[in-house]
Amino acid sequence: MEQEFYRGLAHRVRGMAEKADPFTRRRLLDLAKRYDSRGAQPSASGPTERPLPASPTTPPAATFSGPGEA
């Protein structure tokens, strides 16, 4: 589904580039290339997921400071 979205964007941007001045056309065509590259890469695991944070652990008692130490 995401691939189709980016391919559609690339197609729309190319259509706009046909009517643009040379400077804008070049930038729009570069943008379309980027959209094409995103649309060509199949996502292996679906949506990108963030990794779970490391579980908080209590350090060993030997690393605690004694009373009055900073």
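This is a predicted model: local features need pLDDT of at least 70, side-chain atom pairs count only at pLDDT 80 or more; totals for chains, interfaces and linings use all residues.
Colleague: With which residues is V13 in contact, leaving aside its neighbours within four places in sequence?
Modeller: One place to look is L31, which is 18 residues from V13 along the chain, with the two C-alpha atoms separated by 7.5 Å. Once the neighbours within four places in sequence are set aside, the residues in contact with V13 are L28, L31, A32 and Y35.

Colleague: Within what arc do the buried residues of α1 fall, seen down the axis of the helix?
Modeller: The residues concerned are Y6, L9, A10, V13 and A17, which are buried in α1. They line one face of the helix, because seen down its axis they fall within an arc of 100 degrees.

Colleague: Which exposed residues does α1 carry on the face turned away from its buried side?
Modeller: The helix has 17 residues and reaches 25 Å from its first C-alpha to its last, close to the 24 Å expected at 1.5 Å a residue. Its buried residues pack against α2. The face turned away from that buried side carries the exposed residues E4, H11, R12 and E18.

Colleague: Against which helix do the buried residues of α2 pack?
Modeller: In α2 the buried residues are L28, A32, Y35 and G39. They are on the same side of α2, since they cover an arc of only 60 degrees around the axis. On the other side of α2 the residues P22, R26, R27, K33, R34 and A40 are exposed. The buried residues, for their part, pack against α1.

Colleague: Which residue caps the N-terminal end of α2?
Modeller: The helix itself has 19 residues and reaches 27 Å from its first C-alpha to its last, close to the 27 Å expected at 1.5 Å a residue. At its N-terminal end, a side-chain oxygen lies 3.2 Å from the backbone nitrogen of F23, and the residue that supplies this oxygen as the cap is D21.

Colleague: What N to O distance is found where the side chains of D36 and R14 meet?
Modeller: Side chains of opposite charge can pair when their charged atoms come close. A salt bridge requires a side-chain nitrogen of Lys or Arg within 4 Å of a carboxyl oxygen of Asp or Glu, and by this rule the count comes to one. The side chains of D36 and R14 meet in a salt bridge, with an N to O distance of 2.5 Å.

Colleague: How many residues apart are D36 and R14, and which parts of the chain does the pair link?
Modeller: Both partners are partly exposed, D36 with a relative accessible area of 29% and R14 with a relative accessible area of 33%. The pair links distant parts of the chain, namely helix α2 (residues 22-40), which holds D36, and helix α1 (residues 2-18), which holds R14, with the two residues 22 residues apart.

Colleague: At what angle do the ring planes of F5 and Y6 lie?
Modeller: A search of the whole structure finds two aromatic pairs. The rings of F5 and Y6 have their centres 5.3 Å apart and form an edge-to-face pair, because their planes lie at 70 degrees.

Colleague: Which residues do the ring pairs link into a cluster?
Modeller: Y6 is found in helix α1, and its C-alpha atom is separated by 5.2 Å from that of Y35, which is 29 residues away along the chain. The ring pairs link into a cluster the residues F5, Y6 and Y35.

Colleague: With which side chain does the side chain of Y6 make a polar contact?
Modeller: Y6 is buried, with a relative accessible area of 14%. Leaving aside its neighbours within four places in sequence, Y6 is in contact with Y35, R38 and G39. The polar contact of its side chain has a distance of 3.3 Å, and the partner is the side chain of R38.

Colleague: How far apart in space are Q3 and R38, C-alpha to C-alpha?
Modeller: Q3 lies in helix α1 and is partly exposed, with a relative accessible area of 24%. Although Q3 and R38 are 35 residues apart in sequence, their C-alpha to C-alpha distance in space is 6.9 Å.

Conventions: Residues are numbered from 1 along each chain as its sequence is written. Side-chain values use heavy atoms; hydrogens and water are left out. Helices (H or I, at least four residues) and strands (E, at least two) are DSSP runs, numbered from the N terminus. Buried means under 20% relative accessible area, exposed over 50%, partly exposed in between (1.4 Å probe, protein chains only). The expected span of a helix is 1.5 Å times one less than its number of residues. The arc is that of the directions from the helix axis to the C-beta atoms. Contact means heavy atoms within 4.5 Å. A polar contact is a pair of N or O atoms within 3.5 Å; within protein, one must be able to donate a hydrogen and the other to accept it, and residues adjacent in sequence count only if both atoms are side-chain atoms. Rings of Phe, Tyr and Trp (its six-membered ring) pair if their centres lie within 6.5 Å; planes under 30 degrees apart count as stacked, over 60 as edge-to-face and the rest as tilted.
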